[in-house]
Amino acid sequence: MLTPEQDHALTLLLDELIPPSEDGRLPGAGALGLAEGLREHALTPSIAQGLERLDALAGEQGAASFAAAGNREALLRALDTESPGALGGLLFHTYTTYYQHPQVLEGLGVDPRPPHPKGYEIEAGDLSSLAAIRQRGPLYREA
Amino acid sequence: MTEEIADVLVIGAGAAGAALAWSLAETRMKIVCLEQGDWMDPADYPTNRLSWEMERFGAFGLSPNSRGRREDYPVNDEESPIKVSNFNAVGGSTVLYAAHFPRLHPSDFRVRSLDGVADDWPIDYATLAPYYDQNAEMMGVAGLAGDPAYPPKEPTLPPVPLGKLGDTLARGFDKLGWHWWPSDSAIATAEHAGRAPCINLGPCIMGCSQGAKGSTDVTYWPVAERAGVELRTRCRVREITVDENGMADGAIYIDAEGAEHKQRAEIVVLACNGVGTPRLLLNSASASFPDGLANRSGLVGKNLMFHPYGMVTGIFEERLEGYKGPGGCCVISQEFYETDLSRGFLRGYSFEMLRGMGTVASALFAMSTGRLEWGARHHESYAEIWDRTAGMVVICEDLPELHNTVTLDPELVDSDGIPAPKLSYRLSENSERMLAHGVARGAEVLEAAGAKETLSEAPLPPAGWHLMGTARMGTDPKASVVNGWGRAHDVKNLFVVDGSVFVTSGGVNPTNTIQAWALYVADMIKQNLANLFD
Ligand SMILES: Cc1cc2nc3c(=O)[nH]c(=O)nc-3n(C[C@H](O)[C@H](O)[C@H](O)COP(=O)(O)OP(=O)(O)OC[C@H]3O[C@@H](n4cnc5c(N)ncnc54)[C@H](O)[C@@H]3O)c2cc1C
C-alpha cells in the first residue's frame, strides 16, 4: 500500500515519465490515472522505496519532497543514474498500460476498440510487377 | 477401465490428426481421437479485448513452459538456442499458427540426389500434389496462381491483401529485381465452407476470433465429427501398449479427472508433432521395445530439425498501417531458395514479410532496443517507431543431424507425472552461413523499400514452431522409423502422420506438407485395408 502522499507523488512521477504531448492530443501517464493500478501491485514496495529515495534527493536540494520539487525530471534522472535499471519495472508497466488506454489510442489516431469484431480494411496492393517475375520462367528445379 | 475397441486410434487433434481422421471417416470405421487439450472458444481470443497485446505474456503465449495452461506439457529446451512454440488443444498448434501455407518444392524431396547431402525422401512432389490440392479445399488457401517458384497450382481463394506495408516491401523486391509473390495462406479471404471472411484483425498467432484462419478446429474437425469420428478431449496419452506379437494394441491415457483408461485399438496413429510423438514413443518402452516403441533403428528422437529463423526489422519514415492485416501473411520471396554454391552454403531459404506492431508492442520494441525515452522527449521517440516498422523473417532449411535430439528428461514431468521431453540442439555451420546471408539480403530489401534503418536478430529464440525429423521416413528399417506411407517398420499397425517423419525440412513452413502427408497416409491405409499388416 502507498500512503496518500506517495500516491500523489506517484501520479506526478508518472507525468514525468510520460508527460502530456505538446499538441495536447496525448495525456500524461499520471493524469490518465495509471497510479491507481499500482496501489496494490507487485511493484508497490519498490515504488515506495524509490519515492523515499526521491524525497531524500529532493531534500538534498532544499525541497520539502519530490512532490514539492520544481525539478522532478532532474531528480528522476539522478535516481536513474545512481541505480541504473531502478525504473525498469515501472517503465514496463507504464508503457504497457498507457499504450492500451482508449484515450491514448485515440490520440494516436487508432480506433479505441479491440480489433474484433469490426476489423480493418486494407488495400489489395499493386500486383502489376508480378508479370515481370513470371516472365523469368520457372525458379524451381525439376526433380 | 477398458473401453470398446476402436478400429483406429488417433493421438493428437492438431493439423495432422484432424486431416487423417477426416479422410478415414468415409470408411465408417470406428475412429477415436484422444487429445490432451480442449476445444477453444474464439470469443475468448485476445483480439476481443483492448488488452489483447499483453495476453502474449499469459495464456496466449507461445511457450508451453510459461503459458500456465493445464493442457500443456513442459519442454526442457535449455540446451537449445531455439525454444519450442506450440499449442495443445483441438486444432493443436494451428490455433496459434500464422497460417502461412507454402508447399515444399520438388527439389526438397531429392536433397541427396541433387545436392549430395542428407537423404532423399521415399516419396516425391508428385506423390503429394493431389493431397496438397485436397488440403487446399479443406483448409481454404488464399493465394495467386502463376508463381514461377512452383509447379502450377491453384489456390482456392483470392490472395490476402498486401496493404500499404506489403505494397511498400514488394517495391523493395522490385527494385532489386528479386522474386516475390503473394503468400499462400490458410486464411479465408472470402466466405469458405461456412467460415466468415478475414477482416484483417492482425495477430493471427493469438487465435482467430473471426474463424477465418484455417485452424483445424474450424476446418477438418467439425466435418470429421459429423462423419462419425469420436474426438475425446482432455485425454492425455501416457503410453502406447503392445501385445505379445509386438503389435500396438491401444493406449493408456489419463482423463481430465485424473482417472486412467485404456483405449484398445486395431490401428494406432501418432499425430503429436515432432516433439510430442518421439516423447510418446520413448515413453512407450516395453520388454519387446526396450529403447522405445518402434525404435529398433535407434532413430526415434534423433535428427530434430527446426527452421532456424532470422528476423530483420526496418524502420520507415512513413506510417505503414502495419497493425492491420494478417500478421504473418502477405508476401513471400524465394529468390534464394534453390541451392547456389556461390553463396557459401547448401540449400536455401524463404523470406516472409511480417506486418507491423500494435501500440504496446511498438513501445516494448522501442524500449528493448533502447530507442524509447522517458521524459520530455518521450512522444517524439515513440512516434519514430509507432506504425513505422515492417519486418521480415528468413526461414532457413535445417539439415538433419544425429546429435540434435528429443529425449526424455530424467526429472521433468507434466501435471500427470509423465516424463517430459528434453531437447538438445545446435545450429550447423551451414545454417549459420545461410542465416547470415539471409539477414544481410533482408536488410537490402528493407533498405530498397525505403527503410531508414534496419535491425536484425538471428537465430530467433522463440521460433521453435516447426518440429521435424524425429521419426523419419525411409525405405531402410535400419535408417528410418517409418516407411514411405507412414507405417512403423517395427510395428505394422502403428503410423506416424506429423512432421516427425520429414527426412529434410525444406525452407518453408511445414504444415501444408504435414497435412498433405497425413491425407496421403490415410489414402494408403484405405487402399491397403485388406492386407494392411503384411
Ligand atoms: C506461433 C506459431 C506460428 C506458426 N506459424 C506457422 C505457419 O505460418 N505456417 C505453418 O505451416 N506452420 C506454422 N506453425 C507450425 C504449425 O502449427 C505446425 O506445423 C502444425 O500445427 C503441426 O501439426 P501437428 O498435427 O503435427 O502438431 P500439432 O498441431 O502441434 O498438434 C499436436 C496435438 O497433439 C496433442 N498431443 C500431444 N501429445 C499428446 C498426448 N500425449 N496425448 C494426447 N494428445 C497429445 C497436442 O495437445 C496437440 O493438440 C506455427 C506454430 C506456432 C506455434
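Start with the ligand and Ala15(B): a polar backbone atom of Ala15(B) sits 3.0 Å from an oxygen atom of the ligand. That is a polar contact, meaning a pair of N or O atoms within 3.5 Å; within protein, one must be able to donate a hydrogen and the other to accept it, and residues adjacent in sequence count only if both atoms are side-chain atoms. The protein covers 97% of the 990 Å² of accessible area that the ligand has on its own. Accessible areas come from the Shrake-Rupley method with a 1.4 Å probe, and for residues only the protein chains shown count as cover.

Before moving on, some housekeeping. This is a predicted model, where local features need pLDDT of at least 70, side-chain atom pairs count only at pLDDT 80 or more, and totals for chains, interfaces and linings use all residues. Residues are numbered from 1 along each chain as its sequence is written, chains are lettered from A and ligands numbered from 1 in the order in which they are written, and side-chain values use heavy atoms, with hydrogens and water left out.

Now select Glu35(B): an N or O atom of its side chain is 2.6 Å from an oxygen atom of the ligand. Over at Ala98(B), a polar backbone atom lies 3.0 Å from a ligand nitrogen.

Next, show everything around the ligand. There are 35 residues, and those that come nearest are Ala16(B), Glu35(B), Ser93(B), His100(B) and Thr511(B); to count as near, a residue needs a heavy atom within 4 Å. The shell is made up of 18 nonpolar, 14 polar and three charged residues. Here Ala, Val, Leu, Ile, Met, Phe, Trp, Tyr, Cys and Pro count as nonpolar, Asp, Glu, Lys and Arg as charged, and the others, Gly among them, as polar.

Color helix H1 (15-25), strand E6 (236-242) and helix H10 (511-527) of chain B: each supplies at least two residues of that shell. Helices (H or I, at least four residues) and strands (E, at least two) are DSSP runs, numbered from the N terminus. Buried means under 20% relative accessible area, exposed over 50%, and partly exposed in between (1.4 Å probe, protein chains only).

On a 1 Å grid over the protein atoms alone, a cavity is a set of points where a 1.4 Å probe fits but cannot get out, a pocket is an open set with protein on both sides within 12 Å along at least five of seven lines, and lining residues have an atom within 4 Å of a point. Select Ser21(A), Asp23(A), Leu26(A), His379(B) and Glu380(B), which lie nearest the centre of the second largest pocket. Helix H8 (residues 378-383) of chain B gives the most to its lining, with four residues.

Last, look at some backbone spots. The peptide bond from His116(A) to Pro117(A) is cis, with omega near 10°, and Pro117(A) lies in the loop between helix H5 (102-107) and helix H6 (130-135) of chain A. Ala294(B) has a positive phi of about 60° although it is not a glycine, and it is buried, with a relative accessible area of 2%.
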